[in-house]
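Please work through the following exercises with the sequence and the coordinates at hand. Each task is followed by a solution in steps.

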Amino acid sequence: MSMAEEGVLKGITVLDLTRVVAGPFCGAILGDLGAKVIKIERPEKGDDSRAYAPYINGESLYYANLNRNKYGITLNLKTEQGKEIIKGLVKKADILIENFRPGVMERLGLGYHNLIKINSKLIYGAVSGFGSYGPYKERPGYDIIAQAMGGLMSITGQKGNPPTRAGSAMGDMLGGLNLTIGVLAALQARERTGKGRKVDIALTDCVVASLEQTIQRYVVSGKNPERNGNTYAAIAPYDTFRARDGYVVIGCGNQKLFEAFCRDIMKKPEIIVDARFLTVPLRVENNEELKGMIEEWTSKRSVEEIVNAVLKAQIPASPIFNVEDVVKDPHIAKAREMIVKNSHPVMGEIILNGNPIKILGAMPKIRKPSPILGEDTESILGEYLNISGEEIRTLRKKGVL
């Protein structure tokens, strides 16, 4: 499918003061969708993630993945001239996103209430560990903190094993997604009201929201949900099952699928009328026994054989992909464009994660690689603030840029 040259956010200008994961992920999504995103970094050091592996030719591929489609400038926000420059850019911006600890921007004189006096239409998006209000607001927050205090680690892992962090930075990624949703919702509201808004996102809140029905199970039972591997507390069979050459996933999400699986796939219709498995709640309660029966069948067959047979009966099933499988898969990587090639001036051809938001006729597109530190400072400040090249050189000497 061809990608449109212009995204749905064409004409929207975003000031991205974020660093590392959650905020930059939001900025990358907005850039993929066509916004002009101006990444503002500290002089000399830049975003912390520039120092994160993996590297190609001394450049961070970690940084490149989360900062594509951005123009990069450097700016020292602790200097008075730096503050004036950011205020000048705010006058012409639609959205500003930042992930400083709450209170930092206020101490710099660049908090929301100061900036809306400059631009009453500004959408100000902030993401932090615990949000801008509440008893924990001043605590520092990283992904693992959010996963720990948001409850996710307590339910992740094999039965009897210690609490486990999800394999990727889910707290950060959820934070970036929710920040994106928030600023776009506020942008839509501005169309009606003409006024900007502040969007306040906490990583921990995002993790709590992702717990799905776990909290409701606690409220009803009065018992803390426990780690139980890959089983699902609401449905069974819905799990990983041992095959002859690995593991396979099978999900029977309703009675019809369960009966078809037992009758047509395993050829064991007697399981359907077994008193232990008559209803979903009973199957969940007796899941270990049910899983044992299913694995008697799966363990004698290959993953490919199982998946093909189960899918042929229109029952959800899949192999468990490793990362190489994902990167090479014709549907995920190619057709859905979730693995995207990009040309970088230092690293050469690189592979980045695609954008999951598909808008037909205006597909997300990586138009620009991540910026070398400060590479667009002169062009951006010239375009937006009419600052000359000579003035920029002077500002650099003063440590402003």
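The model is predicted, so local features need pLDDT of at least 70 and side-chain atom pairs count only at pLDDT 80 or more, while totals for chains, interfaces and linings use all residues. Residues are numbered from 1 along each chain as its sequence is written, and side-chain values use heavy atoms, with hydrogens and water left out.

**Exercise 1. The chain**

Task: State how many helices and strands the chain has, and what percentage of its residues count as buried.

Solution. Step 1: Helices (H or I, at least four residues) and strands (E, at least two) are taken as DSSP runs, numbered from the N terminus. The chain holds 17 helices and 13 strands.
Step 1: Buried means under 20% relative accessible area, exposed over 50%, and partly exposed in between (1.4 Å probe, protein chains only). Of the 401 residues, 46% count as buried.
Step 2: A contact requires heavy atoms within 4.5 Å. Among contacts in the chain with a separation of 6 or more, 68% link residues 24 or more positions apart.
Step 3: Along the principal axes, the C-alpha atoms fill a box of roughly 85 × 45 × 40 Å.

**Exercise 2. The largest pocket**

Task: Determine the volume of the largest pocket and describe its lining by residue class.

Solution. Step 1: On a 1 Å grid over the protein atoms alone, a pocket is an open set of points where a 1.4 Å probe fits, with protein on both sides within 12 Å along at least five of seven lines; lining residues have an atom within 4 Å of a point. Grid points are joined across faces, edges and corners, and a volume is the space filled by probe spheres set on the points.
Step 1: The volume of the largest pocket is about 1,300 Å³. Its lining comprises 43 residues, and Val21, Tyr62, Leu66, Asp172 and Met173 are the closest to the centre.
Step 2: Elements giving two or more residues to this lining include H1 (22–32), H7 (170–193) and S13 (348–353). The largest share, 4 residues, is that of H2.
Step 3: Ala, Val, Leu, Ile, Met, Phe, Trp, Tyr, Cys and Pro count as nonpolar, Asp, Glu, Lys and Arg as charged, and the others, Gly among them, as polar. The lining then divides into 29 nonpolar, 8 polar and 6 charged residues.

**Exercise 3. The second largest pocket**

Task: Repeat the analysis for the second largest pocket, and name the element with the largest share of the lining.

Solution. Step 1: The second largest pocket contains about 1,000 Å³ of space. Of its 36 lining residues, Glu226, Asn228, Thr231, Tyr232 and Ala233 lie nearest the centre.
Step 1: H12 contributes the largest share, 4 residues.
Step 2: By class, this lining has 13 nonpolar, 13 polar and 10 charged residues.

**Exercise 4. Strand pairing**

Task: Give the strand order of the open sheet of 3 strands and explain why one side of S9 and of S11 has no neighbour in the sheet.

Solution. Step 1: Two strands pair if DSSP finds at least two bridges between them. The order is S9-S10-S11, with antiparallel pairing.
Step 1: S9 and S11 (317–319) are edge strands with a single partner each, so one side of each has no neighbour in the sheet.
Step 2: S10 (residues 246–251) and S11 are joined by 3 bridges, and isoleucine 250 has alanine 317 as its bridge partner in S11.
Step 3: For comparison, S2 (residues 36–41) and S5 pair in the parallel sense over 5 bridges. S5 (residues 70–74) has 4 of its 5 residues buried, so the rest of the structure largely encloses this strand.
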